[in-house]
Amino acid sequence: MVFVQIMSMKPTVTNQQRAEWLKKRASWKTPPGVKVIAEYAIPTGANKLILVYEAPDVSSIASMRAPWLDWFEIDVFPAMSGEELTRMGAQIIQALGVKG
């Protein structure tokens, strides 16, 4: 399943802590079974990271969150492609008996 992880840097993080995070990030490896699809940084005042990844189970999601909890507030959401949404929408419309 695909997940979107939004990481917002805590406002209390100091410059020293940011440096520690950057060092850890440089050597970090994706946990086994997780496939990162995309990763984006929003470096403006928001200081956010967005990761999109496939994970097979809840423990994999925890493995993607745990290393960063000292620096970030982290939200994780299940996600689907636009194609999947369209397919699901058509099935829902049909199940509801709504005519075109």
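Four strands make up an open sheet, arranged in the order 2-3-1-4, and their pairing is antiparallel. Strand 2 (35-42) and strand 4 are at the edges and have a single partner strand each, so one side of each lacks a neighbour in the sheet. On average, neighbouring strands of this sheet are turned by 15° against each other, direction ignored. The model described here is predicted.

As a general point, strands of a sheet pair through backbone hydrogen bonds, in a parallel or an antiparallel way.

## Pairing with strand 3

How many bridges pair strand 2 with strand 3? There are seven bridges, and the sense is antiparallel. Two facing positions can be located in the structure: Ala38 stands opposite Val52 in strand 3, and Tyr40 stands opposite Ile50 in strand 3. Strand 2 and strand 3 also form a hairpin, with five residues between them. In the turn, Asn47 has a positive phi of about 45°.

Strand 1 is joined to strand 3 by seven bridges, and these two strands run antiparallel. Val2 stands opposite Glu54 in strand 3.

## The nonpolar core

In soluble globular proteins, nonpolar side chains tend to be buried together. The largest nonpolar core in this model has 17 residues. Which of them touch the most other members? They are Met7, Trp21, Tyr53, Trp68 and Phe72. At least two residues of this core come from each of strand 1 (2-9), strand 3 (48-54), helix 2 (58-65) and strand 4 (72-79).

Not counting residues up to four places away in sequence, Met7 touches Asn47, Lys48, Leu49, Leu51, Trp68, Phe72, Glu73 and Ile74. Asn47 is also the turn residue with the positive phi, while Trp68 and Phe72 are also among the core residues that touch the most other members.

## Gln5 in strand 1

Gln5 lies in strand 1. Is Gln5 buried or exposed? Gln5 has a relative accessible area of 0%, which means that it is buried. The side chains of Gln5 and Tyr53 are joined by a polar contact of 2.8 Å. Tyr53 is also one of the core residues that touch the most other members.

Neighbours within four places in sequence left aside, Gln5 is in contact with Leu49, Ile50, Leu51, Tyr53, Met64, Arg65, Trp68, Ile74, Asp75 and Val76. Among them, Ile50 is the residue in strand 3 that stands opposite Tyr40.

Conventions
Residues numbered from 1 in each chain as written. Predicted model: local features only at pLDDT ≥ 70, side-chain atom pairs only at ≥ 80, totals over all residues. Heavy atoms only, no water. Core = buried A, V, L, I, M, F, W, Y, C linked by side-chain atoms within 4.5 Å. Buried < 20%, exposed > 50% of the residue type's maximum accessible area, 1.4 Å probe, protein only. Contact = heavy atoms within 4.5 Å. Polar contact = N/O pair within 3.5 Å; in protein donor to acceptor, adjacent residues only side chain to side chain. Pairing = 2+ DSSP bridges. Axes fitted to C-alpha atoms, helices over the stretch in contact; angles between N-to-C directions.
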